[in-house]
Structures are given as structure tokens and as C-alpha cells.
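This report describes one protein chain in short sections. Please look over the sequence and the structure shown here before reading on.

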Amino acid sequence: MRTRSPICSATFTLTILILLVLGAVNTRTASATDSDIDQRINSLIEQMTLEEKLGQLTQQWGGESQDINPGAQKRQLDDLLGVARVGAVGSFLGAYGAEYTNKLQRAAVEESRLKIPLIIGNDVIHGYRTVFPVPLAESATWDPELVELSARVAATEARAGGTHWTFAPMIDVSRDARWGRIVETAGEDPYFSSVMAAARVRGFQGKSLKDKDAVAACAKHFVAYGAGEGGRDYNTVDISDQTLRDIHMPPFAAAVDAGVASIMSAFNEINGTPATANRYTIDKILRGELGFNGFIVSDWTSITEMINHGLARDAADAAQQAIRAGVDMDMCSFSYRDHLDDMVKNGSLSKEIVDRAVRRVLRAKFDLGLFDNPYADPALETKVTLADEHRTAARRVAAKSMVLLKNENGLLPLADGVKTIALVGPMVDNNHDPLGTWSLNGKDEDVVTVLAGMKKRAQAAGMKVLHAKGCDFAKEDAEALKQAVQIAKQADVVLAFVGEYEMSTGEAHSKADLDLPAPQLALIKAVMAANKKTAVVLMTGRPLTIPFLVENAPAILAAWHPGVECGNAVADVLFGDENPAARLPVTWPRHVGQIPIYYNHKKTGRPPNDTRYTSKYIDQPWTPQFPFGYGLSYTTFEYSDLEVEPTSATVADTLTVTVKVTNTGSRDGDEVIQLYVRDLIGSVTRPVKELKAFERVSIGAGATKTVTFEVPCNQLGFHNAESKYVVEPGAFKVFVGPNAAEGLEADFEIGSAE
Ligand code: BGC
């Protein structure tokens, strides 16, 4: 047997000790308990029948029956308990609440042969019972700490309610507001989405997955799901390897680096191979290059959908392709449970491939501490669900997520002289739609409506509130419109709360028309004719095309779907208790025909200008309505003294970029300072700008802050024609400013390493 030399061994031990002291050793690979766990997993695998193994790889719907007939309810529960008892299922989704999930867990832990606990997964996307703003809105805070806080609160409530695993964060990059699921993303930028992805993983998973307030995260949807053609959900993705790796992969790399426990394979195909059987993306990139060693779950029936894709002959064929590619758990298609046993028995699929998947799933259950603590605690559930401090956090995040798009003559915040305000629109007295999509545990009764929140705050300010709905989301109402116009005439300021109802964004809710529905536009026009001082509050899950409003309404606030604290948060911003500082995480189009429109586009050989043969439209500007990163404040900021050091760098260097930012107004406020880079010449063409750093900074009225960014040059690379990550020597520009279209600029160069 070969032994390590004493010197080597001493050095090795010393190194380990130092790393342990520094807390830098990944406990998952180094601790003694880890090998105990491996042994326990091995011993379980030895004892498991093939059926039990495939059970562990199967996830099925485990929700409570919605049938009003008690007999039917009992039958459904008995069925679920039955599959858990015989070990035919490893995970349920759709099961909520400590009491109910404990019932299911008991069948697995106390009555099944090997007593393997269930892992209960759910879509805890932007809050559990305390619903926070939709993810796109949370991202608009440009504040990873707030995004992490939201995930922390969600994890605390979810785990107490028996959920061990959330199908979040959704970290698909989207350049297409037609896609309904843009609402679940962090927008269009790979770097920005990476920062938010890591923040959400940290928030969900907390310090240890074993903690009572942590859930395993699941980064989804792997990969490039946001690039579906035409903005249609589930649609074909055909992109270059450079776009795949430089745009869609980085958030997954960030999630893996943050220790994400699981990843979900996407519905779409990528360049001819569905994501769920894509060995190039799963095996080569995710497992091989990014080093992901957690488990992978399919999306809902995405395995058997490979029959529709035309990749698999039947469910058996689909199942073997998926498991071979490395998808460990089947969500709801039952193809593993129903078909893999024959293949293993007849030798066409090796037992090791099944065992590999089982091992990963069991590992997650051990990491979550489920073998020791399988049950939820109903007392803890009561204590933490919708706790006051959770609502306070939801209000804070919501207020900080609202983007001020226009504010002519300082119409907002509501000034002291205002005596009467008129609230119009379908969002005012509405306790449902502000929750937004994927608010499965959210309850309408928890929502502070716009009307309630505004009334409370107006009362404190001695203002009178009038209210008229004016119209429905997509239906005119002549009488309601008349009332709205009447109150608009009586008021000093009109606030129109318009937008999208909750179900008009989200999964399977893509749109070909992004205009504000006609009845709502008509309402705004009518109240504006009665009272020019009309501010529009847009409550949506995506950018809408609103050129008329941008041209004519004096003020516009994008308030998104803000969650349970809607009315309070909106009042915080409109009354100026909160100075808005949120910024757009997506480019805002003027017209749907401009899509895909995004800031980090390529230059083309004929960049658009006013001459004829350049890249543009003859009927619309080529520029967006609002650029990526855009948003106003109740105060103003000025940038000066941009400096970059060194101006001649090597790939190993870190650039220090400093800029002075002055609050030139009379209110304290936050500014989101954004740093972009352009690589002027590349071996493949480079985007006109790429976000590389940002920071939301509070600056007092009249004060100046010097903000410093450290930008490692090795982060300024891209994948070349051979799909190799390279940082190429040459000239670069750095831009620092308030959005992707404005800012100061400076030059630097990266020399070759020699
Ligand atoms: C969605 C996933 C979700 C899953 C479970 C699918 O339709 O694409 O994002 O996690 O359903 O609800």
C-alpha cells in the first residue's frame, strides 16, 4: 500500500487545521459525520428493492383533496398514505401545513419498511403565507440583502409548515416581456441575475439545511428556458453556445457556488435536445464544469413531454434518456416508477445509474436532517406564520421595489397642500391581484388593499380620500367611469391604480400584446381630462407598452404586484415616507415589435442612427421606452470624478473604480450606482455594455459619497468561438452611471499575461 511521506502528511494535516480554523473547509466533504452518512446511504441502498429505489426517484402530487365530499377526501388521503407506506414515493408536492404534512410523513417514517422520510417540495416563490412582491419586483430593489431577507422569511414559514424544499429561485434570464414568466425572473442581465440567484439561495438555505428555518433551494429551470422563441412558454430555444454560456449559464454557476441543493431541468429544448435529456448541458457543463453535486429534479412531466418533442418513442424511452442524462427525480410523470424496473431487470439500464440518483436524493434528505427530525412543529407554525416582523419585512421590500418612471414638476410625493385625493382603477379596492402569481399560500384576507393603506396614511395627514373603480381590468363600465370622472374633478390629485390582474402573468401566460388594456387606458384619459394632476400607479408582473402615458401622464410609478403589504407600501412611496430608489431589472419596450430588446446587445455592422441603411425600424424608434437600470428618485444625483486604476492592467489584476456621487436635491435618498464595461474588440463580437458591479447607496441631501468598486479583470471574459472562457487583451471602456444608457466613461486596457 502506498503511504504518504511524513513531510507531506504533516503539511497536509497543518493545512487542514488552518482551513478548519478559518472555517474554509466544506463540511460536506470533510466532516466525520459525512462518511457516516455515506455509510448509512450505502446500507440503505443495499437493503432497498428496485421498486423502493424507483419510489425514491418519484415525486407526485400530495395536496389535500379539494372535493367537498368527505368520502372522496378520505379516499385521496388513503391513496397518498398508501404509496408512502409501501415506499413507492420519495417526495410529494402540493402538501402544505404541519398537521397535514406530518400525516403523510408518518406513513413513510413509521409505517414503511425502510422508514425513509419524504421530502416535501413546494413552489415557495416570493413568500409563503407572508407574500412578498413578485420576484421581478424584488429584484428591482437592486438590493441583494432585501432579496435574501424575503427568501429567509419564506423559508422560516415554509419549513414550519412542513415544506422542506422550495422550487426556487427561478433564475432564468429573460429578454422578453411577452413571456409570462418574466415575472419570476431577475430580468435580463446575467451578472445581475447571478447576484440575485446567490442571495435567494442563501436566504432559503440559511446557515444549515437542518435548521428549523431553512429549506433546500432548487435553481430552475436548467437551462435557457427564458429564451423561448416568440416569448411563448415552453417554446423552442435555438441559441449559440456563446449565448448559452455567457447569458443563461452564469446564474446557475452562481447558485452552485452558493451551495444550491438541487436544480430543476427545464421544459424546453436547447439546440435540438430537450433540457431534460441534455447531456451537454447537464453532464458536461453543470456537473462537469460547474461542479454541481446535488440532485436534479425534472420539471412537471418534462420527462414524458420528450415524446411530444419527438426525442423519445414512449415513456420508457424518455425515462431512460432522462436518468442517463442525470435527472435524478421525476416530477409527476411516473415514468421512472413505471418503466425503469424492466430495463434494469433486462440489463438495458445499469443498476448503478439508478443507485447514483437514489444516492443523491437520500443525501438531500440527510442534509435536511429529515432522518432525525422528519416532522414539522405545529406550535412553531402558528408562531411564525404571518408574524408581525414578516409583514414588516414584506412592506419594506415592497416599498423599496417600486420604480418611479416619471415625475413631472414633482407631482409626487403628495404635497402638504393636497387636501383631497381621488383613487381610481381596478387595483384600488382589490385584495387579490396584488398578491401576484405563485402565491399559493397567500390569502386575500391578509392583503392590505391600496384603499385601506392609502386611507390610513391619508387620515394621518389630514387628507380626504375619494374612491371609484372606473372600470374592470379588461371591461368598460360606463357608470363606474362617470363616478371616477366626478371624483377626479373634486380632488387635488388623482391616483390611477391600473395594470394586470394576477393571472395575466406567470406560467402559460405569455402575451402578444403588451398594451395596457383599452378600458384602463380610457379611464386614465377620462380622469386626466377632468384633472391634469393624475399620477399613474402601474401594478403589473412585467413591463407594459405605455407610450401614451409616458408622453402625457405627469407621473408614473411601477409598483408591480407588491404582495400582502400592498396598500401600506404604496402609501409609503406616494406620501414620500419612502424615497423610491428601485431600478428596472429589464429594458422597458415602447412597442411589442421591438422585442427582444435588451441593453447588452451587439453593435452590428450598421449601428442604428438617423441615416437610412442602418439597423432600425421605419415606424418606431430603436431605443427603449426606459433603459435597463432606470428609475427616478424624489431627489437628484450627480456623478463626477470617475477614476480607474490601473489603466494598464493584466488579467490577474483587480481594477479599482471610484466615482463621486452627490445628492443634489433636498431629500435624503438612495442611488443605485451601476458599473458597465465594454470590450472594444474581441475574437468574437462583444456586447455594447455589460453590467459588472452595482451598489445601492444611501446619500443624505447635499452630501457626496465616493463609491469604490473592485472589478477583477478575470471577470471580463467571455466564451470564444471554441467555447473556451477567455479574457482577451485589448482596450476596454468602463461606464459608471444611473442606468445602462447614461454615465461617465473612462478607458483602460488589459495587456497580455506575458
Ligand atoms: C413549473 C415549475 C414548478 C412546477 C411545480 C411547473 O409547471 O414550470 O416552475 O416548480 O410546475 O409546480
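## Lining of the largest cavity

The lining of the largest cavity is made up of 7 nonpolar, 3 polar and 4 charged residues. In this division Ala, Val, Leu, Ile, Met, Phe, Trp, Tyr, Cys and Pro count as nonpolar, Asp, Glu, Lys and Arg as charged, and the others, Gly among them, as polar. The lining has 14 residues, and E52, Q56, G87, S112 and I116 are the ones nearest the centre of the cavity. Helix 4 (50-56) and helix 5 (70-85) each give at least two residues to this lining. Helices (H or I, at least four residues) and strands (E, at least two) are DSSP runs, numbered from the N terminus.

The model is predicted: local features need pLDDT of at least 70, side-chain atom pairs count only at pLDDT 80 or more, and totals for chains, interfaces and linings use all residues. Residues are numbered from 1 along each chain as its sequence is written, and side-chain values use heavy atoms, with hydrogens and water left out.

## Cavities and their volumes

A cavity is a set of points, on a 1 Å grid over the protein atoms alone, where a 1.4 Å probe fits but cannot get out; lining residues have an atom within 4 Å of a point. Grid points are joined across faces, edges and corners, and a volume is the space filled by probe spheres set on the points. The count is 3 cavities of 30 Å³ or more. The largest cavity has a volume of about 90 Å³, and the second largest cavity holds about 60 Å³.

Residues lining the second largest cavity include S174, R175, D176, V586, T587 and I595. Its lining divides into 6 nonpolar, 2 polar and 3 charged residues.

## Two domains and their interface

An automatic or database domain assignment gives the domain bounds: domain 1 covers 396-594 and domain 2 covers 637-750. Their centres, taken over C-alpha atoms, are 34 Å apart. Contact (heavy atoms within 4.5 Å) involves 8 residues of domain 1 and 9 residues of domain 2.

The area buried between the two domains is about 630 Å², with 38% of it from carbon and sulfur atoms. On the domain 1 side, N579, A581 and R583 lose the most area to domain 2, together 69% of what that side buries. Buried area is the accessible area (1.4 Å probe) that two parts lose on being put together, summed over both.

## Salt bridges

A salt bridge is a side-chain nitrogen of Lys or Arg within 4 Å of a carboxyl oxygen of Asp or Glu. The structure holds 39 salt bridges. Between domain 1 and domain 2 the count is 1 salt bridge. R583 pairs with E671 in a salt bridge, with 2.6 Å between the closest N and O atoms.

Another salt bridge joins the side chains of K345 and E51 (3.2 Å, N to O). This pair links distant parts of the chain, with K345 in helix 15 (residues 335-345) and E51 in helix 4, 294 residues apart.

## Backbone details

Where are the cis peptide bonds found? One joins F222 and V223, with omega about 10 degrees; V223 is in the loop between strand 5 (218-222) and helix 10 (241-248). Another joins I595 and P596, with omega about 0 degrees, and P596 is in the loop between helix 23 (566-574) and strand 17 (637-645).

N409 is not a glycine, yet has a positive phi of about 50 degrees. N409 is in the loop between strand 11 (403-407) and strand 12 (420-424).

Technical notes: On a 1 Å grid over the protein atoms alone, a cavity is a set of points where a 1.4 Å probe fits but cannot get out, and a pocket is an open set with protein on both sides within 12 Å along at least five of seven lines; lining residues have an atom within 4 Å of a point.
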